[in-house]
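Here's a quick briefing to read alongside the sequence and the model.

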Amino acid sequence: MIERKATNIVWHAGRITRARREGLSGHRGFTIWFTGLSASGKSTLAVAMEEALFEHGCHAYVLDGDNVRHGLNNNLGFSPEDRTENIRRIAEVAKLFRDAGVISLTAFISPYRSDRDSARKLAEAEHDAFIEIFVDCPINVCEQRDPKGMYQKARAGIIKDFTGISAPYEPPEKPEIHLRTDQLTVDRCVCVIMDHLKQHNYIPCAPNRIQTTYYAAAP
């Protein structure tokens with residue numbers, strides 16, 4: 001449990017409710033939490049899903065592990081304590097996105113079950129607004145892909161505390177969706193996720209009408 005250092009603070013409620021924001025969006029605000037080994041396909045699926053949801057008329061945004069470490073979490077390393085804090089922060093960000101009526105797609109290794117469970121607990125009062133997706137790929141296939149050369153560096157001892165090599169990964173026990181990305185194409189994975197969202201009333205079955213306005217840059 002993180003100790004709150006700020007004192008004498010009071011939550012300031014706004015006038016626009018989450019229900020009204022969701023009504024404007026035409027869909028629920030919820031979190032899709034991709035977890036899996038490095039190079040298992042989390043970011044690839046998150047980006048593909050963002051595009052599919054956008055084309056469906058939904059407001060969605062990818063929160064990618066590496067991207068977040070460029071800014072919000074740039075003071076964190078990869079020790080167990082820093083990994084926990086990394087996930088705690090992004091879970092709170094995802095909560096804000098849900099309240100805004102936006103679909104957040106988080107692509108983080110998030111190796112510890114307890115950290116993922118803590119992220120889920122933030123959504124417990126929000127009617128199943130947390131969807132955990134286990135992006136499952138054998139480590140030998142992940143190493144063959146290795147788009148960033150991380151496994152090679154980890155095997156050489158250049159990178160310490162690397163998940164799957166020198167640090168543990170605890171797979172989900174009961175994820176909402178389990179995808180074997182060594183067996184399924186990206187398009188097929190997207191179809192599986194979209195079908196789940198429609199069947200469970202996260203998004204409308206028919207696409208929302210999209211109206212896009214382009215503004216020319218000021219001279």
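Helix H5 (residues 113–121) has three buried residues in this predicted model: Asp 115, Arg 116 and Ala 119. Look down the axis of H5 and these buried residues fall within an arc of 95 degrees, so they line one face of the helix. What does that face pack against? The buried residues of H5 pack against strand E1 (31–35), helix H4 (80–99) and strand E4 (130–136).

**The sheet**

- Five strands make an open sheet in the order E2-E3-E1-E4-E5, and the pairing is parallel.
- E2 and E5 sit at the edges with a single partner strand each, so one side of each has no neighbour in the sheet.
- On average, neighbouring strands of this sheet are turned by 20 degrees against each other, ignoring direction.
- E1 and E4 run parallel and are joined by five bridges; Thr 35 has Phe 134 in E4 as its bridge partner.
- E2 pairs with strand E3 (residues 103–107), again in the parallel sense and over five bridges. Here Tyr 61 has Ser 104 in E3 as its bridge partner.

- H2 lies across E1, E2, E3, E4 and E5, and runs at about 165 degrees to E3.
- H5 also packs on the sheet, where it touches E1 and E4. The direction of H5 makes about 150 degrees with that of E4.

- Met 49 is worth a click: leaving out residues up to four places away in sequence, Met 49 touches Ile 32, Phe 34, Leu 105, Val 190, Ile 193, Met 194 and Leu 197.

**Salt bridges**

- The structure has 13 salt bridges.
- Lys 148 pairs with Asp 66, with the closest N and O atoms 2.6 Å apart. This pair links distant parts of the chain, 82 residues apart: Lys 148 is in the loop between helix H6 (139–145) and helix H7 (150–155), while Asp 66 is in helix H3 (residues 65–69). Asp 66 counts as partly exposed, at 37% relative accessibility.
- Glu 132 and Arg 120 meet through their side chains in a salt bridge, at 3.5 Å from N to O. Glu 132 belongs to strand E4 and Arg 120 to helix H5, so the pair ties together parts twelve residues apart in sequence.
- Glu 143 and Arg 155 form another salt bridge, at 2.6 Å from N to O. With Glu 143 in helix H6 and Arg 155 in helix H7, the pair ties together parts that are twelve residues apart in sequence.
- Glu 143 is partly exposed, with a relative accessible area of 25%, and Arg 155 counts as exposed at 53% relative accessibility.

**A buried serine**

- Ser 25 lies in helix H1 (residues 18–25).
- With a relative accessibility of 11%, under the 20% cut-off, Ser 25 counts as buried.
- Which residues is Ser 25 in contact with, leaving aside its neighbours within four places in sequence? The contacts are Gly 57, His 59, Gly 101 and Asn 208.

Note on methods
Residues are numbered from 1 along each chain as its sequence is written. This is a predicted model: local features need pLDDT of at least 70, side-chain atom pairs count only at pLDDT 80 or more; totals for chains, interfaces and linings use all residues. Side-chain values use heavy atoms; hydrogens and water are left out. Buried means under 20% relative accessible area, exposed over 50%, partly exposed in between (1.4 Å probe, protein chains only). Helices (H or I, at least four residues) and strands (E, at least two) are DSSP runs, numbered from the N terminus. The arc is that of the directions from the helix axis to the C-beta atoms. Contact means heavy atoms within 4.5 Å. A salt bridge is a side-chain nitrogen of Lys or Arg within 4 Å of a carboxyl oxygen of Asp or Glu. Two strands pair if DSSP finds at least two bridges between them. Axes are lines fitted to C-alpha atoms, for helices over the stretch in contact, and angles run from 0 to 180 degrees between N-to-C directions.
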